[in-house]
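This report goes through one model, beginning with a pocket and moving on to helix packing, backbone geometry and confidence. Please keep the sequence and the structure in view while reading.

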Amino acid sequence: MKWHHMEHEARSLLDVYSGLLSNQSVILAMNSSFVDPLRQFESQLKKIQSSFRMLVAMPSLDKVKEMGSSNEDIEDLENLYQNILNIFEYSLLNLVSTDFYKLQILKEMLVWMSEDSSYLQGRIMMIINRVLRFAAWKARGHTSVDAPCLGVLAAELSLLCSHDNSSIAQQASLGMCHLFDIAKCQHGDIGESNSTDSKGNSVLFSSNVEFLAKKFRHDKHEIAQTVGQTLLPSLLTDFVRSLLMKLSSPDDKIASKAASILTLTLTFHSEKVTMVSKIVDAIYKQLCENCFHNMKCDMLGVITLLTRTSPKKVIFQLMDYPVPADDTLIQMWQAAGSEATPAPRVLKTILLILKGKPGEMEDSLTEKKRFSLDATNMMPLAASQALCTFLPLGSYKKAVVQFFPQLLMALMFQVSYSSELSLMLKDRTLYAQDALRVLLNCSGLQQVDIILTKNSFWDHLSEELYHRYRVYLLAKTLSDCNFPQFPETLHYLYKLSVEGPRRSEDSLMIVIFLTEVSFIDCE
């Protein structure tokens with residue numbers, strides 16, 4: 001019985017061999033055909049996946065050796081085993097030699113590998129490394145390289161550089177070195193300063209690959225720095241988005257590694273990331289699906305880092321969700337407002353949005369193509385509500401002082417606009433009023449708020465019948481209290497009064513404010 005079992009195992013090995021040869025012949029034939037490139041790639045990917053599945057289903061080499069009854073049998077079985085691996089590797093080399101685009105297959109292999117705990121993972125990583133080394137060598141003879149998958153491939157490899165299995169980690173790190181060599185060939189206008197690590201050592205086309213690979217295995221900072229310095233912006237964006245998706249991995253260890261590398265990459269190179277709006281939207285959707293997400297803090301941290309370098313893109317996206325904002329969106333606002341440095345640019349963006357009138361058809365004012373299908377502009381309502389979150393933040397204290405006059409008038413205008421929506425959107429008309437009150441209290445004008453409250457200012461403020469009188473009342477109260485922002489406010493009011501054409505209701509409010517506030521100057 002033992003012999004029959006061993007004979008069956010040996011036959012299964014031959015079946016794998018013949019199966020891989022069959023798949024290889026189809027792959028080579030397709031390379032010479034005139035099939036549509038996309039269909040060709042999809043068909044070849046299926047054949048590679050079929051070969052991969054056969055490969056990982058093979059018994060281990062030790063078990064294969066047990067099948068032999070003599071040294072000669074063992075040697076033959078070892079050769080057969082090695083030939084199977086060689087056929088698979090050759091198929092990959094042949095694909096990459098004809099088209100760098102097909103490096104995408106390596107990324108798919110890494111995904112398949114993560115789904116299978118096969119003992120062959122180390123060997124498969126060795127094959128991937130060899131293919132990347134070959135591709136890097138071949139790329140050096142080209143003035144340009146079409147390899148759009150490098151970002152997502154780098155993301156997969158970066159997670160394996162610190163794998164518990166030292167062999168897998170070593171091969172992944174070597175693969176990263178070769179990937180960076182390929183990436184260098186995608187653009188010829190990057191200077192030497194962009195191809196060095198944090199210590200000034202060259203990382204591209206280096207003869208000391210082993211040394212660099214060792215650094216990648218032990219230092220995520222090196223990976224993050226080199227990725228940002230080497231990949232084109234579009235590929236770096238793919239790298240970031242791939243790691244972002246990994247934060248939802250059921251494997252906590254993978255999610256944690258992804259969060260670490262993602263945070264470091266954005267800390268060093270967030271200014272190179274494109275498609276910021278889509279990244280923000282992806283985070284919002286993930287947190288909406290699971291408000292108790294394990295990596296919630298890391299996702300909100302991504303918002304903070306993107307706001308540092310792309311505040312306008314982040315804020316426009318955050319203002320493009322339904323009003324009133326849900327808890328997830330408010331938390332993302334808080335993350336965007338957690339640092340003082342981008343605060344002025346954030347408030348400038350919000351002020352730009354507040355130039356719009358809620359309910360109006362969209363125009364070029366926002367300078368942004370929105371994701372929503374709603375043709376009317378409801379972003380000013382969201383911006384008013386967002387100010388209730390941003391203005392009280394300690395990080396915004398200086399920026400609020402700087403933009404007090406602009407915020408004051410913008411919110412008064414919005415209160416006026418909201419009165420026209422009161423019948424249609426009763427539950428959405430108080431955001432500008434709430435933000436105005438928050439602005440006063442955050443600007444050291446609590447006494448103004450107290451006096452206004454005693455005079456029933458906040459009651460029915462947005463009602464059109466009372467609005468003009470209450471504009472006068474606010475201006476008079478500010479004047480009576482000798483508010484410290486008077487010089488800047490007066491200057492801004494003069495500027496508004498001589499600017500180009502405005503809505504008639506805006507012009508009237510400017511005149512009322514300017515007339516009343518000017519009394520302080522006269523006194």
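## The second largest pocket

In this predicted model, the second largest pocket has a lining of 15 residues, and those that lie nearest its centre are Ser114, Leu160, His163, Asp251 and Ile254. The elements that contribute two or more residues to this lining are α5 (104–114), α7 (150–160) and α12 (252–269).

The space in the second largest pocket comes to about 370 Å³. By class, its lining residues comprise six nonpolar, six charged and three polar.

## Packing of α12 with α14

Helix α12, which also takes part in the lining of that pocket, packs with helix α14 (residues 296–309) at an angle of about 10°, the two axes being 9 Å apart. Because angles under 35 degrees count as roughly parallel, α12 is roughly parallel to α14.

On the α12 side the contact is made by Ala259, Leu262, Thr263, Leu266 and Thr267, while α14 brings Asp298, Val302, Leu305, Leu306 and Arg308. Sorted by class, the residues of this contact are six nonpolar, two polar and two charged.

## Backbone geometry in two loops

Most residues other than glycine have a negative phi, and most peptide bonds are trans. Met275, in the loop between α12 and α13 (276–289), has a positive phi, near 55°, although it is not a glycine.

The peptide bond that joins Val323 and Pro324 is cis, with omega at about 0°. Pro324 itself belongs to the loop between α15 (311–318) and α16 (327–336).

## Confidence along the chain

The protein chain has a mean pLDDT of 86, and 86% of its residues reach 70 or more. Over residues 189–194 the pLDDT stays under 50, and the model has five contacts for them beyond four places in sequence. Residues 363–375 likewise have pLDDT below 50, and this stretch has 24 contacts in the model beyond near neighbours in sequence. Where pLDDT is low, the predicted coordinates should not be read in detail.

Definitions and conventions:
Residues numbered from 1 in each chain as written. Predicted model: local features only at pLDDT ≥ 70, side-chain atom pairs only at ≥ 80, totals over all residues. Heavy atoms only, no water. 1 Å grid on protein atoms, 1.4 Å probe; cavity = no way out; pocket = protein on both sides within 12 Å on 5 of 7 lines; lining within 4 Å. Points joined across faces, edges and corners; volume = space filled by probe spheres on them. Helix = DSSP H or I, 4+ residues; strand = E, 2+ residues; numbered from the N terminus. Nonpolar A, V, L, I, M, F, W, Y, C, P; charged D, E, K, R; others polar. Axes fitted to C-alpha atoms, helices over the stretch in contact; angles between N-to-C directions. Parallel < 35°, antiparallel > 145°, perpendicular 65-115°, else oblique. Contact = heavy atoms within 4.5 Å. pLDDT = per-residue confidence, 0-100.
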